[in-house]
Amino acid sequence: TMEEGVFMKCLIVDDDFEIRELLKEVLVNSGNIVVTAMDGIDGYEAWKRDIFDLAIIDVDMPRRNGIDLTRDIKEAMNDFPVILITAYAHLYNASEILLLGVEAFLKKPIDLESLLEAVERIKSNS
């Protein structure tokens with residue numbers, strides 16, 4: 001397991017600028033390094049370009065949505081940790097989402113405490 005205080009490198013993929021910035025601030029303040037992308041295509045390019053410990057991905061995005069992006073990432077690296085977030089949780093079948101192998105599925109507005117707990121859980125499993 002990672003020692004306490006070791007940062008994680010996180011990729012945040014969300015088409016909403018304010019949410020990207022909020023999540024980035026929260027994760028940076030808790031000692032992580034953060035890269036952001038604005039849709040599933042940019043997100044996958046960023047993911048391929050760098051080595052990340054975790055991705056936080058919005059489900060509903062233009063060009064390439066978060067479910068397709070998660071599938072792309074999991075096909076390339078099956079055990080890569082993903083947290084999916086959505087404002088439209090009622091439109092998705094949670095069990096279907098969890099079949100993608102994601103670590104967490106969080107509703108917007110994001111409960112930041114739940115998010116940080118999920119991040120910590122991933123950190124302690126790595």
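Exposed here means over 50% relative accessible area, and buried means under 20%. All the views below come from a predicted model.

**View A. Helix H1 has a buried side and an exposed face.** Let's start with the helix itself: H1 covers residues 17-29, 13 residues in total. From first C-alpha to last, H1 reaches 18 Å, close to the 18 Å expected at 1.5 Å a residue. Look for Ile19, Arg20, Leu23, Val26 and Leu27, which are the buried residues of H1. They sit on the same side of H1 because they cover an arc of only 140° around the axis. Turn to the face pointing away from that buried side and you'll find the exposed residues Phe17, Glu18 and Asn29.

**View B. What the buried residues of H1 pack against, and what sits at the helix ends.** The partners of those buried residues include four strands by name: E1 (9-13), E2 (33-37), E3 (54-58) and E4 (82-86). Helix H5 (112-125) is another partner. After H1 comes Gly31, which has a positive phi, near 90°.

**View C. A salt bridge joins Asp50 to Lys9.** The model has 11 salt bridges, and this is one of them, at 3.0 Å from N to O. Asp50 comes from the loop between helix H2 (40-49) and E3, while Lys9 belongs to strand E1, so the pair ties together parts that are 41 residues apart in sequence. Asp50 is partly exposed, at 33% relative accessibility.

**View D. Lys74 and Glu103 make another salt bridge between separate parts of the chain.** Here the N to O distance is 3.9 Å. Lys74 is in helix H3 (residues 66-76) and Glu103 is in the loop between helix H4 (94-99) and strand E5 (104-107), so the bridge ties together parts 29 residues apart in sequence. How accessible is each partner? Lys74 counts as buried at 10% relative accessibility, whereas Glu103 is partly exposed at 33%.

**View E. Lys123 and Glu120 pair up within helix H5.** Their closest N and O atoms are 3.8 Å apart. The two residues are three apart in H5, so about one helical turn separates them. Lys123 is buried, with 7% relative accessibility, and Glu120 is partly exposed, with a relative accessible area of 38%.

**View F. Tyr44, Trp47 and Phe80 form one aromatic cluster.** The structure holds two aromatic pairs. Tyr44 and Trp47 are stacked, at 5.8 Å centre to centre with 15° between the planes. These two are three residues apart in helix H2, which means about one helical turn lies between them. Trp47 also pairs with Phe80: the ring centres are 5.5 Å apart and the planes lie at 85°, so this pair is edge-to-face. Trp47 is in helix H2 and Phe80 in the loop between H3 and E4, so the pair links distant parts of the chain, 33 residues apart. Both Trp47 and Phe80 are buried, with Trp47 at 9% relative accessibility.

Note on methods:
Residues are numbered from 1 along each chain as its sequence is written. This is a predicted model: local features need pLDDT of at least 70, side-chain atom pairs count only at pLDDT 80 or more; totals for chains, interfaces and linings use all residues. Side-chain values use heavy atoms; hydrogens and water are left out. The expected span of a helix is 1.5 Å times one less than its number of residues. Buried means under 20% relative accessible area, exposed over 50%, partly exposed in between (1.4 Å probe, protein chains only). The arc is that of the directions from the helix axis to the C-beta atoms. Contact means heavy atoms within 4.5 Å. A polar contact is a pair of N or O atoms within 3.5 Å; within protein, one must be able to donate a hydrogen and the other to accept it, and residues adjacent in sequence count only if both atoms are side-chain atoms. A salt bridge is a side-chain nitrogen of Lys or Arg within 4 Å of a carboxyl oxygen of Asp or Glu. Rings of Phe, Tyr and Trp (its six-membered ring) pair if their centres lie within 6.5 Å; planes under 30 degrees apart count as stacked, over 60 as edge-to-face and the rest as tilted.
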